[in-house]
Amino acid sequence: MSENIVKEALQQSLVDLIQLSLQAKQAHWNIQGEGFQSLHEFLDGVVDQSRIALDEFAERLAAIGFVSDGRAETVTKTTTLKELPGGAIPVDQGYKLIEAALTQTANTMKEHISAVDDADPLSSDLLISTARDLEKSAWMMRMYSK
Ligand SMILES: [Fe+2]
């Protein structure tokens with residue numbers, strides 16, 4: 001199994017987590033309507049969660065001899081997340097958009113787990129633990145918006 005599989009998986013996760021952190025902050029600022037306060041606060045938790053995780057991915061790349069690419073241009077070109085709409089976001093739509101972004105980020109990580117596991121189980125462990133945390137937040141967003 002090629003080392004490049006590990007690099008690609010970690011790099012893809014890095015850009016998706018950067019995009020997730022930006023989208024959660026954008027939504028934090030621009031949601032409107034009933035239920036604003038709880039979603040506004042929850043979204044900052046998603047920002048913190050994604051920022052902590054993205055640092056782990058960039059530093060794992062460095063630790064195993066690769067370089068990371070967290071440039072804005074690279075994130076825009078390579079993220080698997082859908083673009084967030086501009087402008088004000090109704091609260092109920094905000095829940096759906098960020099839940100989808102959390103799920104997409106986790107799903108892309110999960111797609112890489114088995115291939116990465118053969119090459120570098122420690123990087124696979126990072127994919128697993130991060131995807132699990134993201135799915136937990138996605139679940140919470142679904143429950144908040146019931
Ligand atoms: Fe704030």
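**Note on helix α5 and its neighbours**

1. The axes of helix α4 (residues 91-119) and helix α5 come within 8 Å and cross at roughly 155 degrees. Axes here are lines fitted to C-alpha atoms, for helices over the stretch in contact, with angles from 0 to 180 degrees between N-to-C directions. Helices are DSSP runs (H or I, at least four residues), numbered from the N terminus. α4 and α5 are therefore roughly antiparallel to each other, a label for angles over 145 degrees.

2. This is a predicted model, in which local features need pLDDT of at least 70, side-chain atom pairs count only at pLDDT 80 or more, and totals for chains, interfaces and linings use all residues. Residues are numbered from 1 along each chain as its sequence is written.

3. Helix α2 (residues 36-63) also packs with α5 (residues 121-144), at an angle of about 170 degrees and with the axes 11 Å apart. That makes α2 roughly antiparallel to α5.

4. Which residues of α2 meet α5? Among them are Phe42, Val46, Ala53 and Arg60, and the α5 residues they face include Leu126, Thr130, Asp133 and Tyr144. Contact means C-beta atoms, placed from the backbone, within 7 Å.

5. α5 has 24 residues and spans 35 Å from its first C-alpha to its last, close to the expected 34 Å. The expected span is 1.5 Å times one less than the number of residues.

6. Buried residues of α5 include Ser123, Leu126, Thr130 and Ser137. Buried means that 20 or more other C-beta atoms, placed from the backbone, lie within 10 Å of the residue's own.

Note on methods. Helices (H or I, at least four residues) and strands (E, at least two) are DSSP runs, numbered from the N terminus. Angles under 35 degrees count as roughly parallel, over 145 as roughly antiparallel, 65 to 115 as roughly perpendicular and the rest as oblique. Two residues are in contact if their C-beta atoms, placed from the backbone, lie within 7 Å. A residue is buried if 20 or more other C-beta atoms lie within 10 Å of its own, exposed if 12 or fewer, and partly exposed in between; C-beta atoms are placed from the backbone.
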